[in-house]
Amino acid sequence: MTDHDEQHHDQDEQQTARVLHLPSERVTTPNTEQPATESAETEVIDGEIVKPPQVGQPTKSEPGSALVRADKRLPILPAWAKDAEEFRATARWALGYAGHSAGFHAVRCPVYVTRVVMRIPAGSLRMVGGLLRWIGDAEGLPVRLASARREDAAEYLKLSQQRDGRVRARAFLAAGLGAVGLAAILLGHAVLPAAAQWATVALALAGLGWLGAPSDKPIASRAVESTKVPKLTSGAVETALASLGISLINQALGKGGTGVGFPRPIARDGKGWRADIDLPPGVTPGDIMERRAKLASGLRRPLGCVWPEADNAEHAGRLILWVGDQDMRKATQPAWALRKGNRVDLFQSQPFGTDQRGRWVDLRLMFTSVVIGAIPRMGKTFALRELLLIAALDPRAELHTYDLKGTGDLDPLEPVTHVHGVGDEPEEIDKAVTDLRALRDELRRRAKLIRDLAKQGLAPENKVTPDLASNKTLRLHPIVIGVDECQVWFEHPDFGEELEAICTDLVKRGPALGIILMLATQRPDAKSLPTGISANVSTRLCLKVQGQTENDMVLGTSKYKQGVRATTFAWDDKGIGYLVGEGSEAQIVRSVAGLDGPASDKVVAYARHLREQAGTLTGHAIGEQLQSEQDSRRDTLLEDVLTVVPEMEKKVWNERVIARLYELRPDVYGTYREAADLTAALKRHGIRTGQVWGTTDEGKGASRIGITRADITEEVTERNRHRDAG
Ligand SMILES: Nc1ncnc2c1ncn2[C@@H]1O[C@H](COP(=O)(O)OP(=O)(O)OP(=O)(O)O)[C@@H](O)[C@H]1O
């Protein structure tokens, strides 16, 4: 997307301004990148050629003011203070932490009191002993003894005199303080209320008890040790890194090594701790991510809490380690704004899932195409169905849903979908072929229409705008096609190539024209997800996969090398995957949990209600069947009749037209046996047949049922005129 596009989109958003959700992070940002291709590794996609600096040469100073420096400014406020949701989460954590400590100590109060009482004698002795040692100048004793051992009479005499003076002074001071203390006690006893007196006595006894506690056994136990979420410390991180068995790290952490760097303090980030780590030279975040389970073991945390990531904005050795308080797969997700139904505008970003920090990640479906890949049972269908549910909540969107596995996972969408295919039986494949051929024609119609509208200044970016999509007469509403287990189509022996060609076209040209293709597959390889499609798709979601090839097939070339590895997900990480949105960095996202069949039914019920109000229920949703391939061929009946009846033949008997039609297309017109068949077929096109005069092969004149060519010409002309206008 160009800047211009984005500006326009912003305008669109302003025009249709309606706050649906306050995202903390947008997935959709302007995309200037070309989709990854197989050759992307060797191609310069974007950027300028920069001469590498010569070693040992002085680097040129940057032009401009001496005050302008390339120093990186750290944010004034920490991330958690800038986002309302995060602020609340952090405050909740702090309050919880304080509450826990308070509760912990409150429960142990009787134990603490007993400990204090038991330690009062020892405390008293310690206090008296300390006082006597102070008055007797005990600290000077070793020096005096040393001078006595050396038999240095002069020095000993000097030290003794000093000691005598000090003892005298301290004795007086102690006696004075004692007298003042006694007077204060008597005064307090006379003037203070009884409660204050008891409190003072208790405080004094507590002080004695505290004094009597051995230093290795404090009176209060440590509350933090018993909290479920220990603070992440640099020491813990280093221990965990050292447990990974990476020799470069072990060298760095060993004696005389450089250690690992912590460019900023470990701090709270959302519902967890974030550590930015400079790994030793030669170690990449990918090396750590591969050993996520070992890292979790080293940190003594559940696997679902430990999320190492590469920081692509920094150098290749910078790791961001986020350690959540709770296992991501068990953490309760904040409520999904669309769960109870909500009108949606597909031109705006909608909440799709939550990241590790529990923040919503939004996705804009318009102008995109989606591929979802994962091994079976990881939540692929749930994610696809969620996207279709979001689409269903925009009453303008026309849905085409294909559940090629045939288990009915997409059936909840039946009340709103325009075309619904289930399974891979021949008639279902026929239906899909017919539908996709029609969609290809629709794509062409839209391309032409957008071109015309752009000339009139109505489509400034040569793509569908919210206004154009809402204009019913233009028929530029969003069309959303969701296909689960799409490999069934592309591997089909007869139609595979054709379906692949159409889908490739839809992925490439569809987004600008308001056609959104979403494909999900459990076997992301070149056959089930053709490269023409995988290279051009703009939004990718990859749940757990087994290897690098599948990873890069779904997420884009080189993603594995860059450290974006969906192979690191565990078997229990259901619904958790890497999401690469349009022009945005890969991020870990968990799709909406608990969006099962009954929950989907509720969303669909609302979506249907919206469509009933908007009058946009069509096709399968209102019981209309998609015209079969044969039916759609009959659409060319009028043209075919005009082909077989030359202009000079004004009127022709039905039987003769049927014979000629059969010669033209035996497979289509083989079912026409008598004149009435043609009469019935023409009637569906609004054409009436009647008695017409003609001559038999033997030259005899007769009146039989036939057509008037002019009626058909008129109807075809009229229809073409309407189609062009539409
Ligand atoms: N966001 C999520 N949070 C928790 N569990 C989830 C989430 N998404 C899906 N699941 C669970 O994962 C399981 C598998 O989901 P789903 O049927 O979508 O997998 P699939 O990859 O499509 O499997 P298959 O290939 O067999 O169709 C379901 O039981 C579902 O409850």
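**Group meeting: helices, loops and cores of a predicted model**

Good morning. I begin with a meeting of two helices: Val116, Val117, Arg119, Ile120, Gly123, Ser124, Arg126 and Met127 of helix 4 meet Leu205, Ala206, Leu208, Gly209, Trp210 and Leu211 of helix 7. Contact here requires C-beta atoms, placed from the backbone, within 7 Å of each other. Helices (H or I, at least four residues) and strands (E, at least two) are DSSP runs numbered from the N terminus.

What we are viewing is a predicted model, in which local features need pLDDT of at least 70 and side-chain atom pairs count only at pLDDT 80 or more, while totals for chains, interfaces and linings use all residues. Residue numbers start from 1 along each chain as its sequence is written.

To return to the pair, helix 4 covers residues 109-135 and helix 7 covers residues 194-211; they pack at an angle of about 80°, and their axes are 6 Å apart. Helix 4 is therefore roughly perpendicular to helix 7, a term for angles of 65 to 115 degrees. The axes are lines fitted to C-alpha atoms over the stretch in contact, and angles between N-to-C directions run from 0 to 180 degrees. By class, this contact comprises 9 nonpolar, 3 polar and 2 charged residues. Here Ala, Val, Leu, Ile, Met, Phe, Trp, Tyr, Cys and Pro count as nonpolar, Asp, Glu, Lys and Arg as charged, and the others, Gly among them, as polar.

Next, the chain as a whole. The protein chain has 25 helices and 18 strands. Of its 726 residues, 35% count as buried. Buried means that 20 or more other C-beta atoms lie within 10 Å of the residue's own, exposed means 12 or fewer, and partly exposed lies in between, with C-beta atoms placed from the backbone. Among contacts in the protein chain with a separation of 6 or more, 68% join residues 24 or more positions apart.

UniProt, in an unreviewed entry, lists residues 171-189 as "transmembrane region". In the model this stretch is 100% helix and 0% strand, with 26 Å between its end C-alpha atoms. UniProt positions follow the numbering used here, feature names are shortened, and annotations may be inferred rather than shown by experiment.

Two of these listed residues deserve attention. Ala374 lies in the loop between strand 8 (370-373) and helix 12 (380-392), and Arg377 lies in that loop between strand 8 and helix 12 as well. Is Ala374 buried or exposed? Ala374 is buried, because 28 other C-beta atoms lie within 10 Å. Arg377, with 12 other C-beta atoms within 10 Å, is exposed. Leaving aside residues up to four places away in sequence, Ala374 touches Gly379, Lys380, Gln522, Cys542, Leu543, Lys544, Val545 and Gly577. Most residues other than glycine have a negative phi. Arg377, however, has a positive phi, near 70°.

Glu485, also not a glycine, has a positive phi of about 60°. Its place is the loop between strand 11 (479-484) and helix 15 (487-490), and Glu485 is buried, with 24 other C-beta atoms within 10 Å.

I turn to helix 18, residues 548-555. The buried residues are Glu550, Asn551, Asp552, Met553, Val554 and Leu555. They pack against strand 8, helix 17 (531-534), strand 13 (539-542) and strand 14 (576-580). Gly556 follows helix 18 and has a positive phi near 115°.

Finally, the cores. A nonpolar core is a set of buried Ala, Val, Leu, Ile, Met, Phe, Trp, Tyr and Cys residues joined through C-beta atoms within 7 Å. Which residues touch the most other members of the largest nonpolar core? They are Leu388, Ala391 and Ala392, in a core of 121 residues. Helix 12 contributes the largest share of this core, 9 residues. Leu388 touches Leu399, Thr401, Leu410, Leu413, Val480 and Gly482, not counting residues up to four places away in sequence. A second, separate core has 15 residues, including Val641, Val645, Leu661 and Ile707.

Thank you.

Technical notes: Angles under 35 degrees count as roughly parallel, over 145 as roughly antiparallel, 65 to 115 as roughly perpendicular and the rest as oblique.
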